[in-house]
Every structure is written in C-alpha cells, then in structure tokens.
Amino acid sequence: MTNIIIAGAVGLILSMLGTPLAIRLFSRRGIGQQVREEGVQAHLGKRGTPTMGGTVFVLAALLAYGASHLATLTPITVSGMLVLFLMTGLGAVGFLDDFIKIYKQRSLGLRSGAKALGQLVVGAVFAVLVVRQPNVYGITPAETRVSFLRDIGPSIGIVGFTIWVLIMIVGFSNAVNLTDGLDGLASGATGTVLAAYVLIGNWQLRNNCIDQLGPNCYWVRDPLDLAVVAAAVLGALIGFLWWNAPPARIFMGDTGSLALGGVLAGLAIATRTQLLLIILAGLCVIITLSVIIQVGFFKMTRRRVFRMAPLQHHFELKGWAETTIVVRFWLIAMLCAALGLGLFYVEWMPRP
C-alpha cells in the first residue's frame, strides 16, 4: 500500500510543478495547438495554446513509479514495466504526430496509415511479451484467453490473442484520442478509470491465489505493481488536470491521449479484465461509437445523425457551454467506472 501512496503523491507533485514549466517552455518555442477551420468556431480562440502536455505526465508517471520502488526498496516487475512500455511507446507515436502538426503548422500530423502502423508495432511487441516472462510460480503477465472479471473460455492461441490485443490497444488509444476534444475532458474521464484500477489491483493482491487459494482468487502475476502503475499515472494526470481544466492553459495532445489509451488497455490485459474495460471506460466507448455511427450513417444516407462528431461537439453546436459538457461527461465517466467496479465486486457479495 505504501508503494501506491508514494507513486500517486510523487506523480502528482512532479506533474503539478512540471506542467507550468512546460507551458512556459512550449510557449517560447511556439509549440501551440493547431485548430481545423471547419471545426467548432469557438475553438479558433484556442489556437496557439501550448500542446504536447502529455510529455509531462508521462515522464512524471515514469519517475513516480521508479521513486516508489526506490523508497520502499522493492523490485520492479515485468507486468508493471510492460504496461509502462505500452504507455511510453504509444506516447512516442503521439509525440511524432504532434511534432509534425507543429512543424508543418497544420491540424493533421501523421498520415492515418503511418499512425496506425506505429500503434500496431508497439502493440505487437507488447502482445508477444505479455504472454511470456513467467515468474517462479509459472504465472505470466497475461494468458492467451479473453477475460472479463478474470480469464474466461479456452485459449484463442497466440495469433488470435495478438490480434485481440491489437484491437484493444488501437481501439482504446484512439477512443481516448477522440475523447480529448474539450478542456480537461479526457483527463477527467481516464482518471476515473485509473482510480478504478488502483482499487482492482489492490483487491486482486488481497485475494491472490498464490497467497490464499480459494474459489474466487485471482491468478494475476503482479497485482500490487499494476496498482502502483495506475496510481503513478493517476497522480500525474491529476497534477496535469490542474492546468488542463477549463479554460486549459495546455493541451495533452496525441502524446498524452495515445499514452493514456495504451495504459488503460495494458492494465486491462495484465489484470485479466479486458472486457470489463469497455464498461469502466464507457464514456470513451460512447464517444467512439458516436463517430462510427456518424460516419456509417452518412455513407449510407448522405445525412448526419449528430450535428458534429465526436459527441461532445454535437452538444457544443446545440449551445451547451464547454464547462457544462465537460462536467456532465465527467459524471457519466464516474457512473461507468462505478458500474464496472460494481460488476467486478459482485461475485464477492454474499449469496442467500
């Protein structure tokens, strides 16, 4: 438990103090947000706001994770390092995308094919490594099975599992990216999911099959360290949100949104709660579905379901204030996380 507290606290402090330094540095170097002319007109005033703020909380989370292990003299784990690798690797893809936007002064960075290729390469490396590296008990960070509250069903094989993991990684990194459309929206929405994974990792530690074999115990390799990773990223994200809340003084950019999507997918895979993530991150899923529905319906009928997609921009065009949308969407994110946690704990409830 000490590791979790230290990781969260260090991440918070580093990000809280580091973000204003990044704001000044990025402002001096002209690293500002590019805005589409055909987008919401109210966003034109945000042009030039420092972006690539995701670099701050990614670095803060990495340092916080290391600090928690140094302070408690505990070894790092394969599970924790793999999730951090996924977060950092996808963050690097997002960083390249952001850099191209800034360098070429346009709202589009990497071509969609190049961006997807980067996500797939990082995801494939993670998928291969996560089913290897057994500990002394023969438990690997993940099994080649789909999971909900724990692994379910038969093995789908290394090829099937790799494809499934890639779908998760690309899907959720893009889902968080689509959610990152208003000041503080993605930060708050993903923060609730990370808080849920702190609780899930801690609960899995207390009911681990290695320590106490029982009917509902968990065969999760490193539950405590996964909670430490979630706490480190959560603390860093809260520190960043202080400066990213409406009106934002800095944006996370694709650097941050892809990294956050990666860490959520990684935590879900390593804690054996892959399908549960769809509920925990329900707001991101809903926003992604709004884009799929909009594009699909328009291609079939040449008409639109929403005034604009993603969903948050539909409400902007209806006249909702940005802060109203952000707070209400945060509430939806909290309800989704609460529902997911309720489902996670339901098998432990007393039965008549």
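Which residues in α6 meet which residues in α12? The structure is a predicted model, in which local features need pLDDT of at least 70, side-chain atom pairs count only at pLDDT 80 or more, and totals for chains, interfaces and linings use all residues. Residues are numbered from 1 along each chain as its sequence is written, and side-chain values use heavy atoms, with hydrogens and water left out.

In α6, L185, G188, A189, T192, A196, L199, I200, W203 and Q204 meet V326, F329, W330, A333, M334, A337, L341, F344 and Y345 in α12; contact means heavy atoms within 4.5 Å. Helices are DSSP runs (H or I, at least four residues), numbered from the N terminus. Helix α6 (residues 185-206) and helix α12 (residues 322-345) pack at an angle of about 15 degrees, and their axes, lines fitted to C-alpha atoms over the stretch in contact, are 8 Å apart. Angles run from 0 to 180 degrees between N-to-C directions. The α6 helix is therefore roughly parallel to α12 (angles under 35 degrees).

The search of the whole structure finds five salt bridges, each a side-chain nitrogen of Lys or Arg within 4 Å of a carboxyl oxygen of Asp or Glu. The side chains of D254 and K115 form one of them, at 2.8 Å from N to O. D254 belongs to helix α8 (residues 253-270) and K115 to helix α4 (residues 112-130), 139 residues apart. D97, K115 and D254 are linked in a network of salt bridges.

How values were computed. Helix = DSSP H or I, 4+ residues; strand = E, 2+ residues; numbered from the N terminus. Parallel < 35°, antiparallel > 145°, perpendicular 65-115°, else oblique.
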